[in-house]
Amino acid sequence: FKRRRHLCRRLLQFLSMAPADDSDEEEERKSDAEDEAPEAGAVAAAAEEAEEEEPPLVDEEGWMNMMDGKIRKRTLKEGKGGCPEMKQDVRCSVEIRLEDPSKESGEGELLMRWPEMRYRIGEGEAVPVLELCLRHMKEGEEAELFGASNMAWGPAGLRAARAGEQAIPPDADVRLRVTLVELLGISGSSQPSWNDLIQEVTWRKTNGNDYYKRQEYHKSLRSYAAGIELFTDTGMEPPEYIEEGDRERVRAMALNIVADCGANLAAAHLELGNAVAAKASAEAALEIRPEHMKCLYRLAKASLTLDDFDGCEDALKKGFALDAENAALLQVQADLKHKNVVYQARSKKMAGKVFGGLEYPDLMAERIAEKERRKKEEEEEDRWINWVKQAFFSWFDAKVAALLAVAAVLLMVALLLMPKRHWPVILMMFVMCVPAAIGLYTGSKEEDAKEKRTGHHKKKTS
């Protein structure tokens, strides 16, 4: 624009045959200087800001103030090379202690030791004190860190998950000793190899399992999901450079790890109360490996939570086909039976409340007849003659009656045939023998009835 303006002025001067005015050139130089002034001023201002920006302050004890005293770092051993960049993976070891102002060193008892952890800078997987200081460390560097509670594990604290660990209490200031072991590749900078994918999904699964044990379920979800997403673009087929004899083994390894991540993702969703997402995760993992037992168990559990009884039974059937004595599946099966009984009872009760008072035309006559029959039965039971009949037939026995009849006939025959002097003896024998015979018969009858009841009970129990 400035060049075109200058040429236009020269052209006008030439057309008017007027000599160029030095004052005009002076004005152009001033205008050009004014146009360039803002750019130069911006550069100068940036330089002044760069001079004013000071590195983090280091006190007499070597502590570097990283964030208003809430995060501090002190180098114990110098590293080499540069600091990690965003999205770059790092391997480190971490020791965690509580801040103890009563001690001269300020360090409390050792609570946790993580020999090897892998993080990706910028993902926020590490707590702020660890994330920020890792970004300012070099490979091989050892450093001591201080983190205020809100820059560490905050009001939730951290549960112990490994042998020998102690939980980090809520709202605790911490001291960390960190060694940056290795700087790894930068995510997205190049196409990862098959081995890189396997290593990363294994790392994601390991971190996710650790978070799950510590009940940091949201972090475990992110780790498992990141592991599964690694193979969404590349697929499960190994690259061509892997030999034909190893391809099936390598593919099976990838399938197993990804299916494990899917099963664990479903478990984390269940812990967070999201049964719908848990069911979807388990079903997706079963598409990769249909015989994965943990996926079948979590699919059955999620289906049961959603009252999908058919889906739960189908998952249990497939699981029992693989392991008929699986304790976890047996527990889900017992819960399914109990829930099914409760559901049917509630449905029956609800149906009675909703439809119990309705009188359908085709059922009205049957209900009236049933009421009349019950009314007659109640009236018959109230009569005294029925009570007499019931009392008589409760103890009457046809065989006993026949025995009494035969005894009476024999008594009459004996009295007719025998002389009168023998009658007292005959009557005494009748009075003694007949009741004894009836008692023996009744007792044997009760014993038979008792044996029948016992045998029926044993058969029913077996």
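Let's start at Val94, which stands opposite Trp114 in E4. Strand E3, residues 88–99, pairs with E4 in the antiparallel sense over nine bridges. When I say that two strands pair, I mean that DSSP finds at least two bridges between them. Strands here are DSSP runs of E with at least two residues, helices are runs of H or I with at least four, and both are numbered from the N terminus.

A quick word on what you are looking at: this is a predicted model, where local features need pLDDT of at least 70 and side-chain atom pairs count only at pLDDT 80 or more, while totals for chains, interfaces and linings use all residues. Residues are numbered from 1 along each chain as its sequence is written, and side-chain values use heavy atoms, with hydrogens and water left out.

Arg120 and Asp89 meet through their side chains at 2.6 Å, N to O. Arg120 sits in strand E4 and Asp89 in strand E3, 31 residues apart, so the pair links distant parts of the chain. Across the whole structure, the search finds 26 salt bridges (a side-chain nitrogen of Lys or Arg within 4 Å of a carboxyl oxygen of Asp or Glu).

Let's step back to the sheet. In what order do the six strands of the open sheet come? The order is E1-E2-E5-E6-E3-E4, with antiparallel pairing. Strand E1 (64–67) and strand E4 (107–120) are at the edges with a single partner strand each, so one side of each has no neighbour in the sheet. From one strand to the next, the twist averages 25°.

Met64 stands opposite Lys73 in E2. E1 and E2 form a hairpin with three residues between them, and Asp68 in the turn has a positive phi of about 50°.

On to the helices. Helix H4, residues 194–213, lies across E3 and E4 and runs at about 150° to E4. Axes are lines fitted to C-alpha atoms, for helices over the stretch in contact, and angles run from 0 to 180 degrees between N-to-C directions.

H4 also packs against helix H6, residues 244–271, at an angle of about 25°, with the axes 10 Å apart. H4 and H6 are therefore roughly parallel; for the labels, under 35 degrees is roughly parallel, over 145 roughly antiparallel, 65 to 115 roughly perpendicular and the rest oblique. H4 passes H6 in a left-handed crossing, meaning that the near helix is turned anticlockwise from the far one by less than a right angle, while clockwise would be right-handed. Contact means heavy atoms within 4.5 Å, and the residues making it include Trp194 and Ile198 of H4 and Val250 and Met253 of H6. By class, this contact has eleven nonpolar, three polar and three charged residues. Here Ala, Val, Leu, Ile, Met, Phe, Trp, Tyr, Cys and Pro count as nonpolar, Asp, Glu, Lys and Arg as charged, and the others, Gly among them, as polar.

What does H6 do with helix H8, residues 293–305? Their axes come within 9 Å and cross at roughly 25°, which makes H6 roughly parallel to H8. The crossing is left-handed. Among the contact residues are Ala259 and Leu270 of H6 and Lys294 and Arg298 of H8. This contact has seven nonpolar, one polar and three charged residues.

Finally, helix H7, residues 275–288, and H8 have axes that come within 9 Å and cross at roughly 150°. That makes H7 roughly antiparallel to H8, and their crossing is left-handed. The contact includes Ala275 and Leu286 of H7 and Cys295 and Thr305 of H8. By class, the residues divide into nine nonpolar, two polar and three charged.
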